[in-house]
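Please keep the sequence and the model side by side while reading.

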Amino acid sequence: MHGLSTFEPKNGFVKWLEARLPILSFAHGSFVAYPTPKNLNYWWTFGAILSFMLIAQIITGVVLTMHYTPEATLAFSSVEKIMRDVNWGWLFRYAHANGASMFFLAVYIHMFRGLYYGSYKNPREVLWILGVIIFLLMMATGFMGYVLVWGQMSFWGATVITNLFSAIPIFGNEITTWLWGGYSVDNPTLNRFFALHYLLPFVIFAVVGLHVWALHVTGQNNPDGVEIKDVEKDCVPFTPHATMKDGLGVVVFLLLYCWFIFYVPNYLGDADNYIPANPLKTPPHIVPEWYFLPFYAILRAIPDKLAGVIAMFAAIAVLAFLPWLDKSPVRSAKYRPMYKALFWAFVVVSIGLGYCGAMPAAEPYVTVSRVLSLLYFGFFAILPFLPRWEKTLPVPATIAEAVLAKSGKVEPPKPEPVKAAPAKAPTKSTRLWK
Amino acid sequence: MSTATPTPSTDETSRRDFLYVATGSVAAVGAVSVAWPLISQMNPDASTLAMASSEIDIGAIPAGQIVTVKWRGKPVFIRHRTADEIKAAQDGDNASMPDPATDKSRVQKPEWLIVIGVCTHLGCIPLGNQGEYNGWFCPCHGSVYDTSGRIRKGPAPRNLDVPPYAFLTDTKVKIG
Ligand code: HEM
Ligand code: FES
């Protein structure tokens, strides 16, 4: 069995190409015949939205590069020139700057989706870790892109973030000097950030390739968290079903994106970044872009420099260990009442941290961010013990059963113990259409 | 044909093993000698290293004022301290602080405090005559320095650094 339909070329040229580079059958297998679980909801459209945003960032970025000058005395004015003189320059810059925000919004939703439905569990650990790597690369890219504008926030954000490395014992200062190419953030720093900001999105592109490859080996998770048992009953072909659904998701997301670009293009930015960088004056209130705020709050919550830096990086690194921290055999939060409550608490804590990160380093925000940082790590600390106390709900035996139960065509599954239920490597039948 | 008896590879080191190890070693040396320039090119270049020292005329700075000058791309604070500020700094010598130092060890002449104006936490520029000790206050994450530039409160681990400097005359100082 080959999935839900087969690729049988009739056209002579296609046959000729197939014999030499089977790229069309590969694309057909991955994006047309590829079996998608019947029960996917709209949270599953964020993968497509993210792919769209990556392409949008690359296209607008290449356009900006054609008019941008990576030199400390010229960078700021070249960005202003893009805004005022270059044909449609304002559109490309606003699309790129807000595109970064939209990209992060989508990735956060995508990650919370994975968290809620247990998508990181066996057999999708590698898929999840590749996602964490993409997230890290995105953070590096977004940070360096923001520096390119060479406004006050660019400069002082760069100073504060690169100084994080000076917390490393013994070699800290040498490493920071090496990163800067000087004794402070200056032209050499801007130059290398520009080179890396151009490079990293293509590295992201490659890792996304691996991410999708891993996805196509294990198959997609789904809202009920049960593996595909019978491709015919549990799945629909990617095209037209997922293509159309993803298309709608992208279009709705585009509406939000366009609203930012055309109505509030500077809402997510910082007014201080319209002041050229001044190495002799720190703005009174340094805030990173919104998508870094929760981590920034954790950094500031800890009164010790090295410990603060470690905690901040640990807050991201801990995500990679999630597949081994969560020991419950049930994937989806739908059937895990305690985990579900904990998940929503975690969402609130993360947003709370983001809020504190935007506030000045004063009371009550310091104490609040300390409490929230503890809760953030507490979430991960409690996961291994959760199965001891949690009584999970009965999980449907198959995706088809879950779908039919929802539409009322079939009795909901009888309560049965679910100890050994999902979390298994893909069965033979699910591997067939890979 | 050949009369040579092929020795079955036992624990004896063969010619081939030797060639493997030798090839591997050359490759490793090659990799390191390529990696070194790749890493080193990112360090400060010759023009940055050659950045000259700065001479500053301090005659015109009235007591109580802080002047900021640029040295190696960084701000340096030259603070003409008042008698009260000197006294506050010296009185603080025995207080407990994260990076203990006497005021005397941080100045050449008590009236002139010269420090690098970069917060030792994450590199912001602290604001003068502010904070609990009226020395400096860093707006970024709330580090408080006293009138000797010593860290008294907040996340910064070290006192403000003292750059190398020398008084050329009573009114002229050379930094660097
Ligand atoms: C992962 C994808 C990317 C992200 C998240 C990203 C993020 C950013 C951000 C946040 C800025 C600052 C925007 C502002 O405030 O004006 C920026 C600027 C810039 N980016 Fe990107 N970028 C990405 C891809 C690219 C690519 C692929 C290129 C070039 C090929 C590029 C070229 C530029 C240039 C030239 C600027 C400076 C001009 C400006 O600020 O508008 N970017 N980027
Ligand atoms: S940089 Fe001064 S307190 Fe953080």
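Predicted model: local features only at pLDDT ≥ 70, side-chain atom pairs only at ≥ 80, totals over all residues.

Residues are numbered from 1 along each chain as its sequence is written, chains are lettered from A and ligands numbered from 1 in the order in which they are written, and side-chain values use heavy atoms, with hydrogens and water left out.

Ligand 1 is surrounded by 24 residues, and the closest of them are A:Arg93, A:His96, A:Val149, A:His197 and A:Tyr198; a residue belongs to this shell if one of its heavy atoms lies within 4 Å of the ligand. Among these residues, A:Arg93 places a polar side-chain atom 2.8 Å from an oxygen atom of ligand 1, and A:His96 has a polar side-chain atom 2.8 Å from a nitrogen atom of the ligand. For A:His197, an N or O atom of the side chain is 2.7 Å from a nitrogen atom of ligand 1. By class, the shell holds 15 nonpolar residues, eight polar ones and one charged one, where Ala, Val, Leu, Ile, Met, Phe, Trp, Tyr, Cys and Pro count as nonpolar, Asp, Glu, Lys and Arg as charged, and the others, Gly among them, as polar.

Four helices of chain A, namely H3 (46-65), H5 (89-116), H6 (125-148) and H9 (187-218), each supply at least two residues of this shell, and H3(A) gives the largest share, six residues. Helices here are DSSP runs (H or I, at least four residues), numbered from the N terminus.

H5(A) meets H15(A) at an angle of about 155 degrees with the axes 10 Å apart, the axes being lines fitted to C-alpha atoms over the stretch in contact and the angles running from 0 to 180 degrees between N-to-C directions. The pair is therefore roughly antiparallel, a term for angles over 145 degrees, whereas 65 to 115 degrees counts as roughly perpendicular. The contact (heavy atoms within 4.5 Å) joins A:Phe112, A:Leu115 and A:Tyr116 of H5(A) to residues of H15(A) that include A:Phe343, A:Trp344 and A:Val347. It has eight nonpolar residues, one polar and one charged.

H6(A) and helix H13 (residues 305-320) of chain A have axes that come within 8 Å and cross at roughly 155 degrees, and these helices are therefore roughly antiparallel as well. Here A:Ile316, A:Leu319 and A:Ala320 of H13(A) face residues of H6(A), including A:Trp128 and A:Met139, and the contact has nine nonpolar, no polar and no charged residues.

The axes of H12 (residues 293-301) and H15 (residues 337-358) of chain A, by contrast, come within 7 Å and cross at roughly 70 degrees, so H12(A) and H15(A) are roughly perpendicular to each other.

Finally, the backbone deserves a look. Most residues other than glycine have a negative phi, and most peptide bonds are trans. The bond from A:Asn122 to A:Pro123 is cis, with omega near 5 degrees, and A:Pro123 is found in the loop between H5 and H6 of chain A. A cis peptide bond also joins A:Thr239 and A:Pro240, with omega about 10 degrees, and A:Pro240 has its place in helix H11 (residues 238-263) of chain A. A:Ile170, although not a glycine, has a positive phi of about 65 degrees.

How values were computed. Polar contact = N/O pair within 3.5 Å; in protein donor to acceptor, adjacent residues only side chain to side chain. Parallel < 35°, antiparallel > 145°, perpendicular 65-115°, else oblique.
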